[in-house]
Amino acid sequence: QVQLVESGGGLVQAGGSLRLSCADSARTFSRYAMGWFRQAPGKEREFIAFITWNGGSTNYLDSVKGRFTISRDNDKNTVYLQMNSPNPEDTAVYYCAADRRNWDLTTWGRGYGLDYWGKGTLVTVSS
């Protein structure tokens with residue numbers, strides 16, 4: 001059973017950096033594609049980043065391209081989101097998700113029907 005636990009959230013100044021982690025204790029972690037989503041207060045959840053099971057391919061929300069980087073370490077059963085130069089608009093609860101399916105606009109792009117979700121970690125970016 002996949003259980004995802006996010007960590008690394010907190011308060012960061014605009015222009016700084018922060019790294020989120022999402023760990024899973026399941027031995028099958030390497031079989032899953034992974035992604036990050038976020039939900040800001042009063043807004044719908046949105047896709048942020050995606051990575052294939054082997055890290056060979058990634059996708060990003062346009063507004064985070066060049067600032068955020070998704071990566072994974074299958075030996076540590078962990079996926080990361082490196083956030084560089086965040087701005088106050090990046091303030092949100094960040095969630096990781098896992099699914100056996102590869103990139104698809106409906107599942108990953110909109111976060112519909114993904115197999116597993118973490119409980120989220122709050123990131124607050126101060127101006």
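Hi everyone. Let me begin with a definition: a residue is called buried if its relative accessible area is under 20%. Keep that cut-off in mind as we look at some aromatic rings in this predicted model.

We start with F47. Its relative accessible area is 8%, so F47 is buried. F37 goes the same way: with a relative accessibility of 1%, F37 counts as buried.

Now to the ring pairs. How many aromatic pairs are there? The count comes to seven. One of them joins F37 and F47 in an edge-to-face arrangement, with 5.8 Å from centre to centre and 75 degrees between the planes. Because F37 belongs to strand β4 (residues 33–39) and F47 to strand β5 (residues 46–51), this pair ties together parts that lie 10 residues apart in sequence.

F37 has another partner to show you. F37 and W117 make a tilted pair, at 4.9 Å centre to centre and with 55 degrees between the planes. Here distant parts of the chain are linked, since F37 sits in strand β4 while W117 sits in strand β10 (residues 116–117), 80 residues away. And how exposed is W117? At 28% relative accessibility, W117 counts as partly exposed.

If we step back, which residues do the ring pairs link into a cluster? They are F37, F47, F50, W103, W108 and W117.

R45 lies over the face of the F37 ring, 5.9 Å from the ring centre.

Key: Residues are numbered from 1 along each chain as its sequence is written. This is a predicted model: local features need pLDDT of at least 70, side-chain atom pairs count only at pLDDT 80 or more; totals for chains, interfaces and linings use all residues. Side-chain values use heavy atoms; hydrogens and water are left out. Rings of Phe, Tyr and Trp (its six-membered ring) pair if their centres lie within 6.5 Å; planes under 30 degrees apart count as stacked, over 60 as edge-to-face and the rest as tilted. Helices (H or I, at least four residues) and strands (E, at least two) are DSSP runs, numbered from the N terminus. Buried means under 20% relative accessible area, exposed over 50%, partly exposed in between (1.4 Å probe, protein chains only). A charge sits over a ring if NZ of Lys or CZ of Arg is within 6 Å of the ring centre and within 35 degrees of the ring normal.
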